[in-house]
Amino acid sequence: MTPCRATLPLLLLLWSSVPAALAQEPITLYYHNRPPYLVADASGTVSGLSATPAERAFKQAKIPFVWASAPTNRQLFTIKQNKTLACSAGWFKTPERETFAKYTKPIYRDLPAVLIANPAFQLATKATLAQVLTSKGTRVLHKENFSYGPVVDDLLKQGQVQLVQTTDENAAMLKMVRMNMADFMFAAKEEAQYLMEEQGGDSKQFKLIHLPDMPPGEYRYIMCSKLVPDEVIAKLNAKLNAVIKP
């Protein structure tokens with residue numbers, strides 16, 4: 001049914017006012033506890049290598065926001081659904097995610113990744129990343145919907161290794177490696193060091209493997225639903241003048 005001419009101005013006014021109304025709502029900034037990137041204390045304060053620069057940018061840009069905890073898959077679903085003003089701190093940028101999300105400038109860059117491996121897992125001397133990820137029978141613990149950077153992601157897609165999929169967080173993933181349910185998991189060096197400290201540094205439970213050709217660490221971004229206005233992204237970017245490195 002075509003609206004009459006008398007109602008068109010009113011409809012246009014209503015439609016044009018929607019973005020402005022949404023812009024006044026606080027943005028939900030999602031996180032999940034993942035030290036040292038995102039850590040919530042007893043008071044609800046969220047900090048860490050990803051959280052701190054993200055919060056600083058929102059506050060300095062004077063953009064209202066509220067932190068909210070949610071599993072990573074739910075965060076992705078919410079952003080992809082694009083029904084609310086939603087962002088999340090500390091995600092890698094991938095071509096698939098760029099189809100449904102907006103990104104700010106980088107907020108952090110990881111150190112190169114290492115393997116947190118079961119002590120029984122053996123590698124040839126000076127083994128390369130490509131050799132490790134094309135060795136049939138190797139079991140790689142892989143968190144669902146996570147990216148490990150384009151180089152690792154592309155090698156994993158070749159299907160030479162066995163992917164042990166999980167939705168669990170790091171503590172449970174470490175347990176899976178310790179119980180020999182997988183040979184190893186990937187983690188950025190700073191995250192691996194934190195996890196080992198949490199385990200008491202017991203070298204008998206795990207071993208860290210540094211591969212000679214591991215690519216540089218990936219950048220982390222604030223990822224937002226497309227409903228978040230471009231002007232909000234621009235204001236955040238204006239406060240993200242430097243990428244924080246460990």
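Me: Is Asp230 buried or exposed?
Reply: Asp230 is exposed, at a relative accessible area of 56%. Keep in mind that this is a predicted model.

Me: Which residue does Asp230 form a salt bridge with?
Reply: That's Lys102, and the closest N and O atoms are 2.7 Å apart. The two sit in distant parts of the chain, 128 residues apart: Lys102 belongs to strand β6 (residues 101-109) and Asp230 to helix α9 (residues 230-239).

Me: And Lys102, buried or exposed?
Reply: Lys102 is buried, with 17% relative accessible area.

Me: OK, new topic. How many salt bridges are there?
Reply: The count comes to seven.

Me: What does Lys59 pair with?
Reply: Glu55, with 3.5 Å between the closest N and O atoms. Both are in helix α2 (residues 51-60), and because they are four residues apart there, about one helical turn separates them.

Me: What about Lys80, which side chain does it meet in a salt bridge?
Reply: Glu96, at 3.9 Å from N to O. Lys80 is in helix α3 (residues 72-81) and Glu96 in helix α4 (residues 95-98), so this pair ties together parts 16 residues apart in sequence.

Me: What's the relative accessible area of Glu96?
Reply: 45%, so Glu96 is partly exposed.

Methods:
Residues numbered from 1 in each chain as written. Predicted model: local features only at pLDDT ≥ 70, side-chain atom pairs only at ≥ 80, totals over all residues. Heavy atoms only, no water. Salt bridge = Lys/Arg side-chain N within 4 Å of Asp/Glu carboxyl O. Buried < 20%, exposed > 50% of the residue type's maximum accessible area, 1.4 Å probe, protein only.
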